[in-house]
Amino acid sequence: MSFNNINYILKIYYIRGENMILQERMDTINGVIKNIADFIQSHDEIKQDFNEYLRTIGANSQNGVPLQTACFSYILERNLGEDLKSIPQLYLENNKNLDKETKDIAEAIDNSISSVFEIKKVTKTGFDLLNIVNERRYMITSLMKMTAFRGLGSGDYIIARIVNLNGDYYLLEISGVLPATRKDDAYRFAVAKIIQNPEHVNH
């Protein structure tokens, strides 16, 4: 076997190894999100608030928000109690024996960034994004298969939430899409984001 062939085989194993590590990381993040979803439906007080939240937004009704989407939005956006604690914070407080990786992921979800991004490039595993709120670039890995994003391309705008985990960024959700022709609308939405969450300018 030639040296070139050996290098080729090693390269294949390296790529497969990277893909396996990425898949494991994606599975772990999704697993933590699922555990938090189970938590909000098993904790008595939070479950009561969650059910009221579902009724308010009309989740699972014929024309309402899908239950999975509603649950995800609740985890990411809801704050409860006098201290206005987030759902990930309450999950951590009520589960003291979590391993470090799970704690790190829950904390990363709690500090996730919701913003307006311009797609600079679509990659095999995610996106090269420009956050038009703080003008920073992010290489993002998607937690879903990229086939779910067919039709998105360079120049389009997405309203998305990303999470920073040990220096790597992952896409948690895309809640809106604007074509490149609606640049003005994207920037107006970005200004609204800045007014709503000025701290995100420095993220």
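The talk below covers the cavity and then the pocket.

Modeller: This is a predicted model, in which local features need pLDDT of at least 70, side-chain atom pairs count only at pLDDT 80 or more, and totals for chains, interfaces and linings use all residues. Residues are numbered from 1 along each chain as its sequence is written, and side-chain values use heavy atoms, with hydrogens and water left out.

Colleague: What makes a space a cavity or a pocket?

Modeller: Both come from a 1 Å grid over the protein atoms alone. In a cavity a 1.4 Å probe fits but cannot get out; a pocket is an open set with protein on both sides within 12 Å along at least five of seven lines. The structure holds one cavity of 30 Å³ or more.

Colleague: Which residues line the largest cavity?

Modeller: Ile33, Ile36, Phe72, Ile75, Leu76, Ile109 and Leu172. Lining residues have an atom within 4 Å of a point. H3 (67-77) gives the largest share, three residues.

Colleague: Why is that lining called nonpolar?

Modeller: Ala, Val, Leu, Ile, Met, Phe, Trp, Tyr, Cys and Pro count as nonpolar, Asp, Glu, Lys and Arg as charged, and the others, Gly among them, as polar.

Colleague: What lines the largest pocket?

Modeller: Its lining has 21 residues, with Gln68, Phe72, Met144, Leu172 and Glu173 nearest the centre. By class there are 11 nonpolar, six polar and four charged residues. Seven residues, the largest share, come from H3.

Conventions
Grid points are joined across faces, edges and corners, and a volume is the space filled by probe spheres set on the points. Helices (H or I, at least four residues) and strands (E, at least two) are DSSP runs, numbered from the N terminus.
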